[in-house]
Every structure is written in structure tokens, then in C-alpha cells.
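Subject: Structure handover

Hi,

Here is the structure I promised to pass on. Please open it alongside this note; my findings follow.

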Amino acid sequence: MEGHFPDRGLPYLLVAPSVAIVLIFLLIPSGEALLQSLSRINPFTGAGRFVGLENFTSLLASEEYRHSIRVSVLFTAGTVLLSLSASLAMAALVNRSLRGIGIYRTALIWPYALSPAVAGTIWALLFEPSTGLITFALREMTGAAPNWMMSGSLALLVVILAAAWKLLGYNIMFFLAGLQAVPEELAEAAAVDGASAWHRFWAVTFPLLSPVTFFLLITNSLYAFFEVFGLIDVLTQGGPARATDVLVYKLYRDGFVSINWGQASAQSVLLFVLVAALTVLQFRYAGRRVFYT
């Protein structure tokens with residue numbers, strides 16, 4: 001049955017708050033960022049002068065910016081791969097009917113509730129070169145005392161571990177929901193045919209999780225590109241020697257430390273284009289392996 005509003009203006013009145021929020025907090029700031037990316041702005045007066053694509057061409061010609069792109073791609077690939085594989089393994093382990101399993105599930109999910117700054121502080125304390133718990137354990141077991149504050153590769157590894165750990169709770173919730181929706185009859189039928197537990201998981205369960213996995217692949221990639229500023233700022237501030245200077249942190253440094261608003265706006269536009277292009281590629285290629293039932 002088709003419904004009718006008593007007043008023709010009522011539907012517009014109901015959607016007006018949502019339209020106003022999108023307009024004020026998304027469209028207008030996006031338009032201002034695009035305009036500033038085409039301008040050279042005086043940091044003292046705020047006055048802008050239109051310079052066309054000059055900010056973009058200087059950025060793309062900058063080795064420092066290309067270095068940040070390489071670091072971001074490496075950081076994103078490591079974070080997404082580690083977080084998805086670890087989350088799937090943990091979700092499979094807790095998808096069992098055991099006594100007190102609810103406690104374990106809650107404990108695995110809670111990292112997602114922490115703010116990036118708190119998560120960064122926890123990992124900074126764990127890996128602190130002098131008194132960190134993990135540093136102490138490594139020193140006692142292997143005799144090595146790695147100082148990630150002085151090594152670029154170790155610092156990048158630590159921020160990847162921290163970012164992947166921060167995503168665990170979010171990913172486990174979705175994987176666990178997907179695992180509990182898989183019909184048990186399919187796995188039982190495969191077991192009757194002689195398939196091992198490992199083969200049953202990859203041949204029966206994992207294909208049914210492909211929509212969830214694809215969704216998490218997209219959201220995890222967006223997180224690694226856009227939402228790691230707090231984590232990077234607390235842990236490394238882009239160092240050492242810019243080894244962890246991802247795109248979103250370089251944007252912050254140029255915009256709020258160097259007060260180069262024109263180039264910072266150009267970086268935000270390029271970051272948006274880069275992430276949009278990666279998302280389209282993921283939908284085009286990874287999406288072909290997704291099976292919806």
C-alpha cells in the first residue's frame with residue numbers, strides 16, 4: 001500500500017536536517033578545500049591568490065611527497081593484511097560453544113573502543129626502549145634490545161602492529177557475525193565427504209565470508225589512509241627520519257605546523273583521489289571474487 005503525506009511540504013521538512021548537515025559539514029568544507037588547493041594563501045592575512053594547478057605540480061614533483069605516498073601504501077598494505085588475517089583467525093577460534101566464551105569475545109573487541117591516542121600510548125609504553133614490557137621480554141629471551149625510535153624499519157613495523165591491533169575488535173565483530181551465519185549443514189556434508197577441517201574452512205566457510213571480507217578490506221583501507229593521525233602522532237610523529245610519515249600526517253605538518261594551507265589543501269584533494277581510485281580498483285578486481293547468496 002502506497003503511503004501519502006498529508007502535506008506536500010512535510011517530506012522536504014523531514015529530510016532538511018540531513019541535507020543541512022551534509023551541506024555544512026561536507027559539501028561546503030570540500031568546496032573550500034578545493035578552492036584553497038588552487039590558491040597561494042598568505043599565512044598572516046589569510047588572503048589567497050589563484051595559482052591554478054601550481055600546488056599540485058609542485059607536490060607531484062616533490063621527492064618528499066612521493067616518499068610519503070610509498071610509506072602510506074606500505075603501511076596500508078601491512079595493516080590491512082595483518083588485521084584481516086589475525087581477525088579471521090581469532091574470530092574462528094572464539095566461534096565455539098565454550099564455557100565463558102563471552103568473556104573472551106568481549107576482551108577481543110575492546111581495542112576498538114579505545115581512542116587512537118590511548119592505543120598509541122599503550123604501544124609506546126610496551127615498546128619503550130628502556131622500560132617497555134615487550135622490549136624487556138625480547139632482551140631476556142634473545143639478548144637483543146631493539147630501539148624502534150632509532151630504526152625506521154622497526155618504527156614502521158611498530159605502527160603497523162599498533163594500527164592492526166586497533167582494528168581487531170571491529171573486524172572480529174563482523175567476522176564472528178559472518179561465521180555464525182554459515183549453515184552448519186554445509187560443513188557437515190563436507191566432513192561426510194572426507195574433507196579435513198582446514199579444507200572445509202577454505203572450501204566452504206571462507207567463500208561464504210567473502211562479502212564480509214570485501215567490506216572489511218574497503219573499511220580497513222580507508223582507516224589506514226585517513227584515521228591514523230592520532231596513532232602516528234603519539235607513537236612516532238612521522239619519524240625517525242620520516243620513516244612513518246604517512247600522507248595524512250604530512251598533510252597535518254604542512255597545514256598546521258608549516259602553515260602552508262595551499263599545499264595542504266592540495267594534499268587533501270590528492271589523498272581523496274588516491275583512496276577513491278584504490279576503492280574503485282578493489283571493487284573492480286577484488287569484488288569479482290565476492291559471492292552473494
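The second largest pocket holds about 400 Å³ of space. A pocket here is an open set of points on a 1 Å grid over the protein atoms alone, where a 1.4 Å probe fits, with protein on both sides within 12 Å along at least five of seven lines. Grid points are joined across faces, edges and corners, and the volume is the space filled by probe spheres set on the points. This is a predicted model, where local features need pLDDT of at least 70, side-chain atom pairs count only at pLDDT 80 or more, and totals for chains, interfaces and linings use all residues. Residues are numbered from 1 along each chain as its sequence is written, and side-chain values use heavy atoms, with hydrogens and water left out.

What lines this pocket? Thirteen residues do, each with an atom within 4 Å of a point. Ser30, Ala33, Ser268, Val269 and Phe272 lie nearest the centre. Two or more lining residues each come from helix 1 (10-37), helix 12 (247-257) and helix 13 (261-285). Helices are DSSP runs (H or I, at least four residues), numbered from the N terminus. Helix 1 gives the largest share, six residues. By type, the lining has eleven nonpolar residues, two polar and no charged. Nonpolar means Ala, Val, Leu, Ile, Met, Phe, Trp, Tyr, Cys and Pro; charged means Asp, Glu, Lys and Arg; the others, Gly among them, are polar.

Next, the surface. Ile21, Val22, Leu23, Ile24, Phe25, Leu26, Leu27 and Ile28 make a nonpolar patch of about 780 Å². Ile24, one of these residues, lies in helix 1. Patch residues have over 30% relative accessible area and no salt bridge, and nonpolar side chains (Val, Leu, Ile, Met, Phe, Trp, Tyr) are joined within 5 Å. Areas come from the Shrake-Rupley method with a 1.4 Å probe.

Now the charges. The whole structure has nine salt bridges, meaning a side-chain nitrogen of Lys or Arg within 4 Å of a carboxyl oxygen of Asp or Glu. One network of salt bridges links Glu64, Arg242, Asp245, Lys250, Arg253 and Asp254.

Within it, Lys250 pairs with Glu64 at 3.3 Å, N to O. Lys250 is in helix 12 and Glu64 in helix 3 (residues 63-94), so this pair ties together parts 186 residues apart in sequence. Lys250 is buried at 4% relative accessibility, while Glu64 is partly exposed at 32%. Buried means under 20% relative accessible area, exposed over 50%, and partly exposed in between (1.4 Å probe, protein chains only).

Asp245 has two partners: Arg242 at 3.2 Å, N to O, and Arg253 at 2.5 Å, N to O. Asp245 is buried, with a relative accessible area of 1%. Arg253 is partly exposed at 22%.

Last, the backbone. Most residues other than glycine have a negative phi, and most peptide bonds are trans. Pro240 lies in the loop between helix 11 (229-235) and helix 12. Arg242 is in the loop between helix 11 and helix 12. Its phi is positive, near 65°, and Arg242 is partly exposed at 25%. Ile259 also has a positive phi, near 50°. Ile259 sits in the loop between helix 12 and helix 13 and is partly exposed at 36%.

Best wishes

Terms used: Patch = residues over 30% accessible without salt bridge, like charges linked within 9 Å, V, L, I, M, F, W, Y side chains within 5 Å.
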